[in-house]
Amino acid sequence: MKTTTLLVTLLFLQLAAAAQQQLVKGTVYERSARFGMVGVSVMSTSGRGTVTDSLGHYSIRLPVTDSISFSYQGKATMKFPVRELAPNHPFDMSLHVDIHVLPTVVVQSQRIHNYRQDSIENREEYAKVFNYQRDYLTAVNGGAGINLDLLFSLKKAKRMERFRERLEADEREKYVDHRFNKDLIRQITGLQPPAIDTFMVIYRPSFEMLQTFENDYDYYKYIQDWGETFGQEWRRRYHKSAYTKSY
């Protein structure tokens, strides 16, 4: 009997805590408010956090007593009290960051359009998974009640979270594919098959590494420098140019 009473008490304490939380979500844009920024840190005073996805979107559940701020390249915004944010409305943010592009590199607009469209379609297709939250309360006749389906299906909830993690990992890999593509590498380095294929395997950056470059110029410089080093090593090993197609 005491055990049952204790479990009921803990359950209602969890319900009370959940009722005092608010889902905060939105998009983080660069200075012009036209393009979403990937890899922006979304932090709370209580220590919770997340990062924006490839489209600049974020979602985090916080206590109403908490505050939220955004950080990019070591520069953080002011803190915004959660209780002052409008519930059920996106909280978008525009950071004072410019996008710099190396003038000699021509980025194909069709490739960007396809990548963004694929990302949007992927988010829409799996919206229920990406937006999934463990809600312990549910609407009952205009009031609040206990979501028994979730309480008695914790395994299902964990499977949903693991599925979402796999989708997010796949989205990060697609972002790397988008940034580290063969057309861009060829323009910067001049490498040709089969050398360029080997280069892209060895020097493929991780999603986290892409976030360390302050701007596109630094990223393109990374490709250019390692491309020159690789080209010299290719000639030394195979005694032929890495810049001429071999058939």
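Visitor: What makes strand β5 "largely enclosed" by the rest of the structure?

Guide: Let's count its residues, keeping in mind that this is a predicted model. Buried means under 20% relative accessible area. Six of the six residues of β5 (residues 67-72) are buried, so the strand is largely enclosed by the rest of the structure. Ser67, Ser69 and Ser71 point one way, while Ile68, Phe70 and Tyr72 point the other way, and all are buried.

Visitor: How do you know that β5 is paired with strand β2?

Guide: Two strands pair if there are at least two bridges between them. Four bridges join β2 (residues 41-44) to β5, and these strands run antiparallel. One place to look is Val42, whose bridge partner in β5 is Phe70.

Visitor: Which bridges link β5 to strand β7?

Guide: Two bridges, in the antiparallel sense, pair β5 with β7 (residues 80-81). Ser67 has Pro81 as its bridge partner in β7.

Visitor: And what makes β5 and β6 a hairpin?

Guide: They are joined by two bridges and run antiparallel, with two residues between them. Tyr72 stands opposite Lys75 in β6. In the turn, Gln73 has a positive phi of about 55 degrees.

Visitor: Why are β4 and β8 said to stand at the edges of their sheet?

Guide: That open sheet has three strands in the order β4-β1-β8, with mixed pairing. β4 (57-63) and β8 (93-94) each have a single partner strand, so one side of each is left without a neighbour in the sheet. The pairing of β1 (residues 21-29) with β8 is parallel, over two bridges, and Tyr29 has Ser94 as its bridge partner in β8.

Visitor: Now for the rings. Why is the pair of Phe199 and Phe230 called edge-to-face?

Guide: Ring centres must lie within 6.5 Å to pair, and planes over 60 degrees apart count as edge-to-face. Here the centres are 5.5 Å apart and the planes are at 65 degrees, so the pair is edge-to-face. The pair links distant parts of the chain, as Phe199 is in helix α7 (residues 195-202) and Phe230 in helix α9 (residues 216-238), 31 residues apart. Both are buried.

Visitor: Then why is the pair of Trp234 and Tyr238 called tilted?

Guide: Stacked planes are under 30 degrees apart, edge-to-face ones over 60, and the rest are tilted. The planes of Trp234 and Tyr238 are at 45 degrees, with centres 4.6 Å apart, so this pair is tilted. Being four residues apart in α9, the two are separated by about one helical turn.

Terms used
Residues numbered from 1 in each chain as written. Predicted model: local features only at pLDDT ≥ 70, side-chain atom pairs only at ≥ 80, totals over all residues. Heavy atoms only, no water. Phe/Tyr/Trp six-rings, centres within 6.5 Å; stacked < 30°, edge-to-face > 60°. Buried < 20%, exposed > 50% of the residue type's maximum accessible area, 1.4 Å probe, protein only.
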